[in-house]
Amino acid sequence: QVQLVESGGGLVQPGGSLRLSCAASGSIFSIYDMGWYRQAPGKQRELVASITSGGSSNYADSVKGRFTISRDNAKNTVYLQMNSLKPEDAAVYHCYAKASTTTLPRLFDYWGQGTQVTVSS
């Protein structure tokens, strides 16, 4: 099993910044893609950003130029630096990891519990 624990959410004013972290632990054999989804009330889940083990990243158009995803493979941790936050960025942010474990070599998507980001003055 792989456990993902997010941190760094909170309340921020429009134009402010937050940095989310997500650490993976457990019987990890290898982690491939990692990333962040978000879901706001009444809206569909949206892929915010993803990053491969080699460092190639992908962003939703709505966050390009404002958000930066990075990862530390040695720590099995992915980060999301969010700048110039807007009220429409408010959502629950979930991290995910596409990983294999020492007991289950197939790739599965593992999810964190989510962290709330609120953008309001």
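Biologist: What should I know before reading the values?
Modeller: The model is predicted, so local features need pLDDT of at least 70 and side-chain atom pairs count only at pLDDT 80 or more, while totals for chains, interfaces and linings use all residues. Residues are numbered from 1 along each chain as its sequence is written, and side-chain values use heavy atoms, with hydrogens and water left out.

Biologist: How many disulfides are there?
Modeller: The count is one disulfide, a term for a pair of cysteine sulfur atoms within 2.5 Å. C22 is joined to C95, with an S to S distance of 1.9 Å.

Biologist: Which parts of the chain does the pair link?
Modeller: The pair links distant parts, with C22 in strand β3 (residues 18–26) and C95 in strand β9 (residues 91–101), 73 residues apart. Strands (E, at least two residues) are DSSP runs, numbered from the N terminus.

Biologist: Why is the disulfide called right-handed?
Modeller: The disulfide is right-handed because the torsion about the S-S bond of C22 and C95 is about 40 degrees.

Biologist: Are C22 and C95 buried or exposed?
Modeller: C22 is buried, at 0% relative accessible area, and C95 is also buried, at 0%. Buried means under 20% relative accessible area, exposed over 50%, and partly exposed in between (1.4 Å probe, protein chains only).

Biologist: Moving to E6, where is it found?
Modeller: E6 lies in strand β1 (residues 2–7) and is buried, with a relative accessible area of 11%. The C-alpha atoms of E6 and C95 are 7.0 Å apart in space, although the two residues are 89 apart in sequence.

Biologist: What does the side chain of E6 reach?
Modeller: It reaches the backbone nitrogen of C95 at 2.9 Å and the backbone nitrogen of Q113 at 3.1 Å.

Biologist: Which side chains make a polar contact with E46?
Modeller: The side chain of E46 makes one with that of R38 at 2.8 Å, and another of 3.2 Å joins the side chains of E46 and S62. A polar contact is a pair of N or O atoms within 3.5 Å; within protein, one must be able to donate a hydrogen and the other to accept it, and residues adjacent in sequence count only if both atoms are side-chain atoms.

Biologist: Where is S50?
Modeller: S50 is in strand β5 (residues 46–51), and at 13% relative accessibility S50 is buried.

Conventions: Helix = DSSP H or I, 4+ residues; strand = E, 2+ residues; numbered from the N terminus.
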